[in-house]
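Q: Hi, I'm new to reading protein models, could you walk me through the sheets in this one?

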Amino acid sequence: MKSYNLTHLKELEAESIYVLREVFAQFENPAILFSGGKDSIVVTHLARKAFHPAKIPFPLVHIDTGHNFPETIAFRDKLVETLGAKLVVGSVQKSINDGRAAEERGKNATRNAIQTVTLLDTIEENQFDAAIGGARRDEEKARAKERFFSHRDEFGQWDPKNQRPELWNIFNGKQHHGEHFRVFPLSNWTEMDVWQYILAENIGIPSLYFAHKRKVIRRSNTWLPVSDFIQIDPKEEVVEKVIRFRTLGDITITGGVESDADTLEKIVEEVAAARNTERGDREDDKRSETAMEDRKRQGYF
């Protein structure tokens, strides 16, 4: 007799596809927040499977800090062309030029936090009522508090104590005018699940995730890539290392790890042996114990 047992990856896939279809059913104008990182790539892949043979019914929204890895932008543009999807780009530089956001100053300046202004403006300008993200509960303690359907008030802010209950996978997307939801189909996935799924589905990812030679400096116990956007202290030595990135973001805050993992199989093995979180090399999360939750309360991803 044929067995109909699902592997844990197929269970996660089915759950995520169910969430994506609920978004399509309950909201009028949803969008996928696409950073070019592995999680948003997996969400996009799942959306493709959820609505096949039709095209993805959601536009991809990228909040462009202007301080991106060039490899990420190249990957984004190629994927959008392949999918035939609509791309909406919100520019942090435009927010700065328009006086909507203030550029940070100093050695550790980053545009990561001020992305929130651009994100909320982009959501309002396009009247998106649901923004689908790739955040997972295992990433960080503030993200562990998120529901699948995470309510945002009329100011785009998040109150972790004022969220709807989600019993038996019943989701409540009702909202007042001006409010919206963030939706996280990968909530129950782990970093290992994501990598095993990418390997099983043979999903394309940016080359940054694979081991490669790069000029870096040592700062805050991580290898920061050398770019035109960071200030290098005279005491900091520029060296060339073979590194890879476990998570992608603004180039000024995304730290790399020394690695020889140049294939998906090696990455899976490396993640299985890792004892620190993937966001442990993100400078923005090191600013305080509540850095992520503080940003999320203001409307961050």
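This is a predicted model: local features need pLDDT of at least 70, side-chain atom pairs count only at pLDDT 80 or more; totals for chains, interfaces and linings use all residues.

Q: OK, what order do the four strands of the open sheet come in?
A: The order is 8-7-9-10, and the pairing in this open sheet is antiparallel.

Q: And which strands stand at the edges there?
A: Strand 8 (222-225) and strand 10 (257-258) do, and because each has a single partner strand, one side of each is left without a neighbour in the sheet.

Q: How many bridges join strand 9 to strand 10?
A: Two bridges join strand 10 to strand 9, which covers residues 239-244, and in this pair R244 stands opposite V257 of strand 10.

Q: Switching topic, what is the strand order in the sheet with six strands?
A: That open sheet runs 3-2-1-4-6-5 with mixed pairing. Its edges are strand 3 (87-91) and strand 5 (149-152), each with a single partner strand, so one side of each has no neighbour in the sheet. From one strand to the next, the twist averages 30 degrees.

Q: How do strand 5 and strand 6 run, parallel or antiparallel?
A: They run antiparallel, with four bridges joining strand 5 to strand 6 (residues 180-183), and F149 stands opposite V183 in strand 6.

Q: Which strands does helix 1 touch?
A: Helix 1 (residues 8-26) packs on the sheet and touches strand 1 (30-33), strand 4 (130-132), strand 5 and strand 6, while its direction makes about 45 degrees with that of strand 5.

Q: What about helix 3?
A: Helix 3 (residues 70-83) also packs on the sheet, touching strand 2 (60-64) and strand 3, and its direction makes about 150 degrees with that of strand 3.

Key. Residues are numbered from 1 along each chain as its sequence is written. Side-chain values use heavy atoms; hydrogens and water are left out. Two strands pair if DSSP finds at least two bridges between them. Axes are lines fitted to C-alpha atoms, for helices over the stretch in contact, and angles run from 0 to 180 degrees between N-to-C directions. Contact means heavy atoms within 4.5 Å.
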